Amino acid sequence: MLTLSLILLPIIAGLITLAIKGETAKTVALVFAFAELALGAYLYKSFVPDATSQFGLSYDWIHSAGIKFSVGVDGISLILVFLTTLMVPFIILSTFGNNYKNASNLYALILFMQAALVGVFTAKDVFLFYFFFEAALIPIYFIAAIWGGENRIKVTFKFFVYTIFGSLFMLLALVYLYLLTPGTHSADINAIYEAAKALDLSTQSYLFGAFFIAFAIKMPLFPFHTWQPDTYVEAPTAGTMLLSGIMLKMGVYGLIRFILPIVPLGVDQWGFVAIILSVIGIIYGSVIAIQQKDMKRLIAYSSFAHVGLMSAGIFSRNLEGIQGSLIQMLAHGINVVGLFFIVEIIERRAKSRELSLLGGITQTTPNLTVYFIILMLGSVALPLTNGFVGEFLLLKGVYEYNAWIGAVAGLTIILGAVYMLRMVQKSMFGITSKITEGFTDLTFNEKAVLFPLSFLVIALGIAPNIFLKLTEPAVSQLLSIIK
Amino acid sequence: MSLITLIPLFPLIGFLINGIGFRHVPKSLAGIISSAAAFASFACALTLFLGFNGQPQIVHLFDWITVGTLNISMSFQLDQLSLLMLLIITGVGTLIHIYSIGYMSHDEGFGKFFAFLNLFLFFMLLLVMGSNYVVMFIGWEGVGLCSYLLIGFWNKNSNYGNAARKAFIMNRIGDLGFLLGIFLIINHFGSVEYSEVFSKIAEGGYSSGDKTLFYITILLFIGAMGKSAQIPLYTWLPDAMAGPTPVSALIHAATMVTAGIYMIIRSNIMYSLAPETLDIVAWVGLATALLAASIGLFQNDIKKVLAYSTVSQLGYMFMGLGVMAYSSSFFHVMTHAFFKALLFLGAGSVIHAMSDEQDIRSMGGLRKKLPITFITFLIATIAISGIPPFAGFFSKDEILAHVFEHNKLMWAFGVLGSIMTSFYMFRLLFLTFFGEFRGTEKQKHHLHESPIAMTAPLMILAVLSAIGGFFNFPHIFGGHASLAAFMEPLFEQSAIEHVAVDESLEITLMIVSVVAALLSAGVAYFIYVVKKTVPVAEGEETGLQKVIYNKYYIDELYDTLFVKPITALSNFFREVIEFLVIDLIVEGVGKLVKTLSSEVRLLQNGTTGYYIFAMVLSIAAILVWSLKSFLLG
C-alpha cells in the first residue's frame with residue numbers, strides 16, 4: 001500500500017490543487033508535497049536493507065495479456081523515490097517568489113509529474129514502466145511550453161519529439177522481449193530478465209541499441225544532448241529543476257534496471273562504446289561550460305557532464321561504479337536544484353542571468369554567496385560534501401574498468417573547478433554592477449530552500465553510508481545476475 | 001572523548017562560532033575565540049607529545065564510505081610524524097592567529113577571516129592526523145579550499161580572485177594525480193589504511209623498482225607537486241600572495257605547502273622501493289629550488305621575494321626526500337616553518353607600517369623605526385641563509401650532506417642555490433631596513449612599530465629560528481640528533497641505505513656552504529649598502545634580468561599552451577560541433593522522417609497539439625481499458 005500511496009497521493013493532491021484558484025493553490029500543493037515527503041521518509045525508515053523488493057503490490061491490469069499494475073521498492077528504487085519525494089517540496093517552495101498565470105495548473109502539473117516519476121522508479125511491470133516513462137513527459141511538456149521563455153514553443157517541441165522518438169525504440173524492445181516470455185506472456189520485469197537469458201549476441205546488440213537510444217536521449221548522453229541546454233534554459237526554473245533534478249535520473253535508472261541485466265552480452269560488446277561516449281560527454285560538456293555567459297546554460301552543460309560520469313560508472317559494471325551512480329543521483333539532484341535556484345534568485349533581482357552584467361553580489365547579499373559556495377563545493381566534489389562520495393566511487397569504478405579512461409574521466413574534477421569558480425567569481429565577487437548594487441537580502445522562503453539543501457550537501461557528504469548500506473544488497477544482486 | 005579527537009574539534013568549533021555568527025560575534029571576541037581554539041589544540045598536542053610512549057595510536061570515529069570489502073573509515077593516527085606536524089601546525093598556527101588580531105584589526109571582514117583561519121587549521125589537522133589516504137585527501141582538498149577563500153579574501157579585487165582560482169585549479173591538477181594514486185592503492189592492496197598498506201608492503205617481499213609502487217609513488221608525487229608548488233605546478237604560489245599576509249605566513253609558507261613533504265615521508269616505505277621516483281623527486285626539487293631562487297634575485301615586491309624563496313626551500317626539502325634523507329627534510333620543514341613564518345610576519349609588520357606598500361624600492365632605513373621587526377627579520381634572514389648557529393644552517397646542511405653522498409653534481413647545484421638564497425635574502429634585508437627612506441612623506445610620517453599582538457609572535461618565532469637547529473643537533477658537534485632519533489621508528493620498515501659520511505668531509509662541506517653564503521651576503525652588502533644601488537623601475541630591466549624579472553615568462557607560456565587553446569576549443573565545440581554538426585544531423589533526421597511520411601500529413605504537420613492529443617487519447621484509452629479489467633476482473 002505504501003508504494004501505491006506514494007503514487008496516488010500526488011495525483012489526488014494535483015486534482016485538489018486544480019480545483020483551487022488563486023494564491024492558496026501553492027500552499028496546498030506545498031503541504032501535500034511535504035506529506036509525500038513524510039511518506040518517502042517513512043518508506044526510507046521502514047525499508048529493510050536487503051536485496052528483496054518490498055512494499056510490493058500487484059493488480060491485474062490487462063489480465064489476458066499478463067500485464068499487471070505491479071509496483072515495489074528495492075534498494076535501487078528506494079534512493080530514487082526518496083530523491084523524488086525530497087526534491088518536489090523544495091521545487092514548489094522555490095516558486096514562491098514568482099507570480100505565475102494560472103498558478104494552480106502549474107502546481108497540479110508538478111504534482112502529476114511527481115506521481116509519474118515515482119511510478120517509473122517503482123514499476124515492476126515493463127509496460128507499466130513505459131506508461132509512467134511517457135506519462136512523465138506530458139506535465140513537463142506543458143510546464144515548459146506554457147510558462148517558459150521566449151523560444152519555448154520551438155524548443156519544447158524539439159525536446160518532446162526527440163524524447164518520444166527515443167522511447168519508441170524502447171517500446172519496440174519491450175514488446176519484442178515480452179513476446180519471448182513463455183505461455184500467455186508476462187510483462188513482469190523478472191520474467192523479462194528470465195526470457196532474455198536465451199538471447200544471442202546479435203539480438204542483444206540490437207536490444208542494447210534500442211534501450212540505449214531511449215535512455216541516452218533522456219539523460220542525455222553525447223551526442224544525443226542537443227535538446228537539453230535549450231530546454232533547460234527556456235523552461236521556467238521549476239521545470240528545469242524537475243528535468244535536471246529528477247527526470248534525467250529516469251534514463252540513468254533505465255541503464256541500471258534494463259540494460260545491465262537484460263542484455264549483458266550486448267553490454268560486453270557495446271559497453272565500451274557507451275563509456276567512450278559518456279566520457280566524451282564529460283569533457284565536451286565541461287569544456288563548453290567554461291565559456292558560457294548565461295548562468296542557466298552553464299549549469300545545464302555542467303549537469304550534462306555530470307550525467308556522463310554516472311553513465312560511465314554504470315557501464316563499468318562494478319560495485320563502486322553503480323553504487324557511485326546511485327549516491328551521485330541523489331547528490332546531483334540536490335546540488336543542481338540548489339544551483340538553479342541560486343540563478344532564479346539572481347534573476348528575480350537582476351532580471352538577467354548574464355555573467356557579464358553581474359558581479360559583487362556578495363557585498364549586497366552575502367548569505368547568497370555562502371549558500372552558492374556550499375552548493376558549488378558539492379558540485380565540484382570537495383570531500384565532505386555529497387558530490388565527493390559519488391564522484392570518488394564513480395571514478396574508482398571507471399578506473400577499475402580501465403585506468404586510462406578513468407584518468408580522462410577524472411579531468412572532470414579539474415574542469416568542474418574551472419567553470420564553477422568562474423561562475424562564482426563573475427557573479428558574486430568583484431565590484432557591484434549597476435544591476436547588482438540594489439540587491440535585497442534573501443527572503444524567508446528563499447532561505448527555507450537554500451538552508452536545507454546546503455545542509456544536505458554536507459550531511460550526505462559526512463554520512464553517505466546511511467544510503468550506501470541500503471542500496472548495496474540490491475546492487476550486489478544485480479551484479480550477480482549479470483555474471 | 002579522547003584528547004586526539006579534541007585537536008581538530010577545537011578549530012572546527014571556532015569556525016562554527018565565527019562562521020555562523022559572523023557579523024554578530026563582536027570583533028573583540030572573534031579573534032580571541034579563534035586564537036583560543038588554536039591554542040587549545042596546541043595544548044592537547046603538547047600533552048599528547050609529552051605523554052607519548054612510542055606506540056602509534058589509532059582512534060576510529062566512524063565508517064565513512066563502505067562499498068563491498070572496501071571500508072574507508074574516518075579515523076586518526078597518532079604517531080611520531082603526526083605528532084610533530086601537530087606541534088608545528090598548532091604552535092605556529094596559534095602565533096599567527098594572535099598576530100592576526102593586530103594585523104587585521106582595521107578590516108571589515110575580521111570575523112570571517114578568523115572563521116576561515118580556524119577552518120584551515122581543522123582541515124590541516126585532518127590532513128596530518130588521518131589514518132588513511134582518503135582522510136589525508138579530505139584535509140588535502142580542504143586546505144586547498146581555505147587557501148582559495150583566503151587568497152581571494154579581499155574579493156572586490158578581481159586580480160585577487162583570479163589568483164585564488166589559479167591556486168585552486170592548479171592544486172586540483174595535482175589532486176587528480178593523488179586521487180588516481182589512491183585508486184591504484186585500493187586496487188592493489190584493497191585498503192587505504194596506512195597500517196594495512198605498509199604492512200602488506202613490508203611482508204609482501206616487494207623488491208626495489210617494483211612497477212606498481214613506481215606508479216603509485218609517481219601519482220602521489222603529482223599531488224605533492226601541486227600542493228607544495230614544485231615545477232611545473234608552482235606558479236600559483238607567488239600569485240597566492242594576494243591574500244592577507246598572515247595567510248601567506250601560515251598557509252603558504254609554514255604549513256599547507258609542506259603537505260607534499262608530509263605525504264612522501266608518510267609513504268616512505270613505498271618511495272624507498274621506487275628509486276626511479278626518488279630520482280625524479282630529487283631532480284624536480286633541485287630544478288625548482290634553482291629556478292625559484294633565481295627569480296627571487298630580481299623581485300621587488302617584499303612578499304614575492306619571500307614567495308619564491310618558499311618555492312625554492314620546498315625544492316630543497318624534495319631534494320632531501322629524493323635522496324631518502326627523510327628526517328633531514330622534515331627537520332627543514334620544521335626550521336622553515338619557524339623562519340619563513342617569521343619572515344612573512346615581519347614583512348606584514350613592514351607592510352602595516354608602510355600603509356600597505358609592498359615595493360622594497362620605496363622602503364629603506366626602516367631599522368630605526370621598526371627595531372623589533374628589524375632584529376627578528378635579521379635573525380630569520382641569517383637562519384634561512386644557512387649561517388650558523390641559527391636553525392636553517394643545520395637543517396639545510398643535513399640535506400646537502402646527504403645529497404653529496406648521493407650525487408656530487410647535485411650537491412654543487414644545491415650550494416649554488418644557497419648562494420642565491422643568501423643573496424636575495426640579504427638584498428631584501430638591506431633594501432628594506434638599511435640606507436635612506438625612499439617612500440613618500442606621508443608614509444614616512446606614518447611609520448611605526450607594530451603593536452604587541454604582532455611583535456610578540458615575531459619575538460617567539462625569532463627565538464625558535466635562532467635555536468631551532470638544536471632540536472636535531474648533529475653528532476659531529478657532540479649532539480644527539482634527537483629529532484632524527486625520535487623519528488627513527490617511522491623508517492624501520494623502509495629500505496633506506498645510507499653511506500656514513502666521513503666527519504672531516506662533512507665539516508669541509510659545511511665550511512664550503514657557509515663561506516659561500518657569507519660571501520654572497522657580502523656582495524649584497526656591497527651592492528645595496530655601500531654602493532646604495534636601488535633596483536631599476538618597472539620595465540627598465542634589460543637582457544637576462546628582464547627575462548628573470550618576468551619569471552621566465554612561464555605564466556605567459558602556460559597561457560599560450562593551455563588557457564587559450566581550451567578557450568578556443570570551448571567556443572569551437574559550442575559554435576561548430578554543437579550547431580553545425582550534431583544539431584544539423586538531428587534536424588536532418590527529423591526532416592527525413594517528415595518527408596518520408598508525408599502521407600500521414602495530419603500527424604506530421606508539426607503542430608505539437610496533435611502529438612499531445614494523440615498521446616493523451618491513448619493514455620486515456622489504456623486507463624479506461626485497465627479500469628474495466630480491474631473492475632470486471
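A residue is treated here as buried if 20 or more other C-beta atoms lie within 10 Å of its own, as exposed if 12 or fewer do, and as partly exposed in between, the C-beta atoms being placed from the backbone. The model is predicted, so that local features are considered at pLDDT of at least 70 and side-chain atom pairs only at pLDDT 80 or more, whereas totals for chains, interfaces and linings use all residues. Residues are numbered from 1 along each chain as its sequence is written, and chains are lettered from A and ligands numbered from 1 in the order in which they are written.

Buried residues of α2(A) include A25(A), K26(A), A29(A), E36(A) and L43(A). Among the elements that cover the buried residues of α2(A) are α1 (2-19), β1 (54-62) and α4 (103-122) of chain A.

Further along chain A, UniProt places the feature "domain: NADH:quinone oxidoreductase/Mrp antiporter transmembrane", from an unreviewed entry, at residues 123-412; such annotations, given in the numbering used here and with shortened names, may be inferred rather than shown by experiment. Over residues 123-412 chain A is 80% helix and 0% strand, with end C-alpha atoms 33 Å apart. F160(A), in helix α7 (residues 152-180), is buried, with 22 other C-beta atoms within 10 Å. A cis peptide bond with omega of about -5 degrees joins M219(A) and P220(A), and P220(A) is found in the loop between α9 (201-218) and α10 (227-234). K351(A), a residue other than glycine, has a positive phi near 55 degrees and is exposed, with 9 other C-beta atoms within 10 Å.

Chain B contains 25 helices and two strands, and 53% of its 633 residues count as buried. Helices α15 (residues 326-353) and α16 (residues 371-384) of chain B pack at an angle of about 145 degrees with their axes 9 Å apart, where axes are lines fitted to C-alpha atoms over the stretch in contact and angles run from 0 to 180 degrees between N-to-C directions. Residues are in contact if their C-beta atoms, placed from the backbone, lie within 7 Å; on this basis F339(B), L342(B), L343(B), G346(B), S349(B) and V350(B) of α15(B) meet residues of α16(B) including T373(B), F377(B) and I384(B). K551(B), which is not a glycine, has a positive phi of about 55 degrees and counts as buried, with 20 C-beta neighbours inside 10 Å.

Between the chains, 49 residues of chain B are in contact with 48 residues of chain A. The largest share of the side of chain B that touches chain A, 14 residues, comes from α6(B). By class, this side of chain B has 25 nonpolar, 15 polar and nine charged residues (Ala, Val, Leu, Ile, Met, Phe, Trp, Tyr, Cys and Pro being nonpolar, Asp, Glu, Lys and Arg charged, and the others, Gly among them, polar).

Conventions:
Contact = placed C-beta atoms within 7 Å. Helix = DSSP H or I, 4+ residues; strand = E, 2+ residues; numbered from the N terminus.
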